[in-house]
Amino acid sequence: MVRLSFGDAALTHFLYLERPEGMERMDAEGFVPAAPPSDPVTAGEIMPRRQEFATVGHLYRGILDGLTGLAARLGERALFPGPRRAQATPELFGWPQLIAVTGLDSACAAIEEIIEQGEGARGDWQPAHYGRFLGIWEEYRRLREEDPRFEPAHPVIPAFTRQPFDITEPQPLLTDPATRGVAELFNLGPVFEMYYQMGNFVPWRAAAWALLSERVAVLSGRCADGAGHADAADAVARAAQAAAAISAQLAAQVPAELRPA
């Protein structure tokens, strides 16, 4: 796995991955494949294996084609057996653009939305992910031309709060209490470090709400503790306020019989 700090190589690699299909770009140094690409999976193979995708859009179009083929072979009802009430809906999440997947048409619409957000619709890539990365890359290049000493990121090394479960070699560990506390707090949200294989997904809505509410309540409490430190950054206090608000909203969705006594 290649680790990069923010800079020209990282931006070049993101642009390569998010480029619209048919657009030629060179990938960043260090990402050129050393081995020949894998052969496509054949119809007779029963087990999945590694595949090669030229772009993010290429990957999602493969998923779209796979869903279409499965629906034709198995039937749409067999392919989407889950209850409609288990789907995330725009009304439930307050997100008008959210697409609830209940069948082939809605699944294809959701995938097309992902592709459009990455590549842009019908060649209009300026507001899409590709266009945004290109704007950042161009600004970075301009700043470097004005001042060759400009570096957008401090030199860092990967570090963990504890030894990862899936790495045998000893890894650098955070020892400063404040730094370790903030890192652990961050890992309660968008997880960048995991200590075990995730296996706590449940298909029951009431239990899922209870579990989600419980985890966010823990996040809210830890945020409040972190914000109480004298040297805590203002961002920690703002995160604590946001976490408390989200925790209250989720708690209201938990059935009364599943709430803590």
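A: Contact here means heavy atoms within 4.5 Å. The model is predicted: local features need pLDDT of at least 70, side-chain atom pairs count only at pLDDT 80 or more, and totals for chains, interfaces and linings use all residues. Residues are numbered from 1 along each chain as its sequence is written, and side-chain values use heavy atoms, with hydrogens and water left out.

Start at Ser 106. It sits in helix 5, residues 104-119 (a DSSP run of H or I, at least four residues, numbered from the N terminus). Ser 106 is buried at 14% relative accessible area (buried is under 20%, 1.4 Å probe, protein chains only). Its side chain reaches the backbone nitrogen of Thr 102 at 2.9 Å. Beyond its neighbours within four places in sequence, Ser 106 touches Ile 99, Ala 100 and Val 101.

Now the packing of helix 5. Its partner is helix 2, residues 56-74. The two axes lie 9 Å apart, at an angle of about 170° (axes are lines fitted to C-alpha atoms over the stretch in contact; angles run from 0 to 180 degrees between N-to-C directions). Helix 2 is therefore roughly antiparallel to helix 5 (over 145 degrees).

Helix 2 brings residues including Tyr 60, Ile 63, Leu 64 and Leu 67. Helix 5 answers with, among them, Ala 107, Cys 108, Ile 111 and Ile 115. By class, the contact has 11 nonpolar, 2 polar and 3 charged residues (Ala, Val, Leu, Ile, Met, Phe, Trp, Tyr, Cys and Pro count as nonpolar; Asp, Glu, Lys and Arg as charged; the others, Gly among them, as polar).

Conventions:
Helices (H or I, at least four residues) and strands (E, at least two) are DSSP runs, numbered from the N terminus. Buried means under 20% relative accessible area, exposed over 50%, partly exposed in between (1.4 Å probe, protein chains only). A polar contact is a pair of N or O atoms within 3.5 Å; within protein, one must be able to donate a hydrogen and the other to accept it, and residues adjacent in sequence count only if both atoms are side-chain atoms. Angles under 35 degrees count as roughly parallel, over 145 as roughly antiparallel, 65 to 115 as roughly perpendicular and the rest as oblique.
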